[in-house]
Amino acid sequence: MFNSTRRILLGAAVCLLAAPVLAASPLPDLVESTFWSAEVDRGDLPPLAERLPSKPLIVDLESRGRTPGIQGGTLKTLVSRSKDIRQMVVYGYSRLIGYDANYNLQPDILLSYDNEDDKVFTLRLRPGHKWSDGAPFTSADFEYWWNDVANNEMLSPSGPPDFLRVEGELPTVTFPDETTIVFEWDRPNPNFLASLAQARPPFIFRPSHFLKQFHGDYAEPEALAEAIEDVRARSWASLHNKLDNMYQFDNHELPTLQPWINSSSGKKIRHLFVRNPYFHRIDPNGLQLPYIDVVEMEIVSPGLIAAKANAGETDLQARGLDFRDISILRKGEADGSNYRTLLWGNAVASQIAIYPDLNYNDPAWREVLRDVNVRRALSLAIDRDTINKALYFKLAKPGAMAVLPASPFFTQENRDAWAAYDPETASAMLDEAGLDQRGADGIRLLPDGRPMEVVIETAGERQEVENALQIITDDWRKIGVKLIMRPLDRDILRNRVYSGETMASVWYGWDNGIPRPYTSPAYVAPTDQVFFAWPKWGQYYQTNHEAGEAPDMEPAIRLMELLHDWELATNDDERSAAWTEMLKIHADNVFAIGTLAEAPQPVVVNKRLRNVPETALWAWDPGAHFGIHRPDEFYFAPDGTD
């Protein structure tokens, strides 16, 4: 079935065979994968001892209550959009440095690293590590990215990514030898290591041996011109950027360091990802990970994911499933399906959050929404207990948008801030805000005479959002506010928010509801347009003041000052102090109106699939959804095993 795929993946490997490298310390007896054994026997692929780094990462299964597995099998999972094949980079979670199950940073692709006062970071690679096509992975791949991609104006017009800038200054980057890379700043950059562990990592390396053939400074001109013409690219830079998409994972020819390789070219309904023969992790018994040979990712309509899961057509599924799907999934279990439904925790700060747009283009509405007492009143007028009972069977935690108890910065005071159901106080606060006049229908009037009709735009993807807004519609009506819900396509919603055309929108709360002192608080400061309460302030920061608007409200300005304090801090106490004040500012100012948090996330797991945690957090960052739980260690027990 995979012969043609294997030929594609291994075409370049035959001429890149490396000499065997002996490990510095004893390794377990290595066991060749049956998936690649035919290629090894033919001489098309080196034996496992020559494919691994001299110091592979030997995973510690026992300490995490896991069992050694067996290789083989195809794991099926579902996504709802073609571009979601990038989830394989998220789930694969092969990172220079990654989080372990306790959210501590550990070397992964790296053999080790040194951190000198958050100013000098020395990264050490595993000797003999190779890309998925067998080419050496060395410091030259970091040097190529730094000199020829990040600092090439044609490929990166804005220069290197922002997480590398400290007080506007970029690091000095050196490459002492083929396994060492040094990033050095004059001031601390405490966010550097955590950035490398993100769900969407900033790949600070590239497969230079592959990409140089498409780079204007290296490629043979005639061959490059032909390649540009073949794909109808505008320039060599656009061609390079198209092929160099390590996160999108849509170029099956681009070498990778992930546990599975994309073996499907073009747009398909089903994409196949096969085991990386050069992956750097092994188990204590000498089996190369991943255990599972093939991941099959099928693209289906969002509305079909729960039904297909119920029918047993997926082996591992959480994406596309919501709390409301639990009942039908549990019914499928009772009817004898081949799966079980786990209930994991959810790490977002709020299941449903309303974002009044403080940068809304309408001046009159902007002034109203910027009045903190209006935002507080709208929050007090929401009956969160009713939403919890109606939508989550009282299993969620009502409250404002705040970090979760798993974070050291959690306080009940912040969760309770302006979140008790108190319509009388809410109504009085709106009166005091100058919204005391009403029309004949009882709806309050703005100072310019327009009715107080709050239009909340949604992505139209989650039924629970629409159901919650229907309850809030009744709640707000009691205080003289009319809620109008407007479902839109996700991309259209975002574009409207970013351009200031949206009065209010609804989305999840902060993705990271479990920050630690080492977590950058940039996402709770106005640094990014994706926080829908201040898109233009975020644009101002993201574009280095070339677009958007400068923050002009004192609390937002203070958030930026505290972010700066965190960036210059030299110890965890100072960083924690910045975090604590920033979260208090959010609680007091209700920039986003949270509703409930910690609703269980259903996770469908094939009954034969092993090493999947019974309890865990479903978190985007930190965590990379399944990634932090290392799906390369999941395996299928033999048929007939319960």
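Strand 14 and strand 24 (residues 617–618) pair in the parallel sense over 2 bridges, where strands are DSSP runs of E of at least two residues and helices are runs of H or I of at least four residues, both numbered from the N terminus. Two strands count as paired if DSSP finds at least two bridges between them. This is a predicted model, in which local features need pLDDT of at least 70, side-chain atom pairs count only at pLDDT 80 or more, and totals for chains, interfaces and linings use all residues. Residues are numbered from 1 along each chain as its sequence is written, and side-chain values use heavy atoms, with hydrogens and water left out.

**Pairing of strand 14**

- An open sheet is formed by 4 strands in the order 5-6-8-7, with antiparallel pairing.
- Strand 5 (110–116) and strand 7 (172–177) each have a single partner strand and stand at the edges, so one side of each lacks a neighbour in the sheet.
- On average, neighbouring strands of this sheet are turned by 15° against each other, direction ignored; axes are lines fitted to C-alpha atoms, for helices over the stretch in contact, and angles run from 0 to 180 degrees between N-to-C directions.
- Strand 5 and strand 6 (residues 120–125) are joined by 6 bridges in the antiparallel sense, and Leu110 stands opposite Leu125 in strand 6.
- Helix 5 (residues 139–150) lies across strand 6, strand 7 and strand 8 (180–184), at about 155° to strand 7, contact meaning heavy atoms within 4.5 Å.

**Cavities**
- There are 8 cavities of 30 Å³ or more, a cavity being a set of points on a 1 Å grid over the protein atoms alone where a 1.4 Å probe fits but cannot get out.
- The largest cavity holds about 110 Å³, a volume being the space filled by probe spheres set on points joined across faces, edges and corners.
- Its lining, made of residues with an atom within 4 Å of a point, includes Leu75, Met88, Trp260 and Phe626.
- Strand 2 (74–79) and helix 4 (87–92) are the elements that give two or more residues to the lining of the largest cavity.
- That lining divides into 9 nonpolar, 1 polar and no charged residues; Ala, Val, Leu, Ile, Met, Phe, Trp, Tyr, Cys and Pro count as nonpolar, Asp, Glu, Lys and Arg as charged, and the others, Gly among them, as polar.
- The second largest cavity has about 70 Å³, and its lining divides into 5 nonpolar, 5 polar and no charged residues.

Methods
On a 1 Å grid over the protein atoms alone, a cavity is a set of points where a 1.4 Å probe fits but cannot get out, and a pocket is an open set with protein on both sides within 12 Å along at least five of seven lines; lining residues have an atom within 4 Å of a point.
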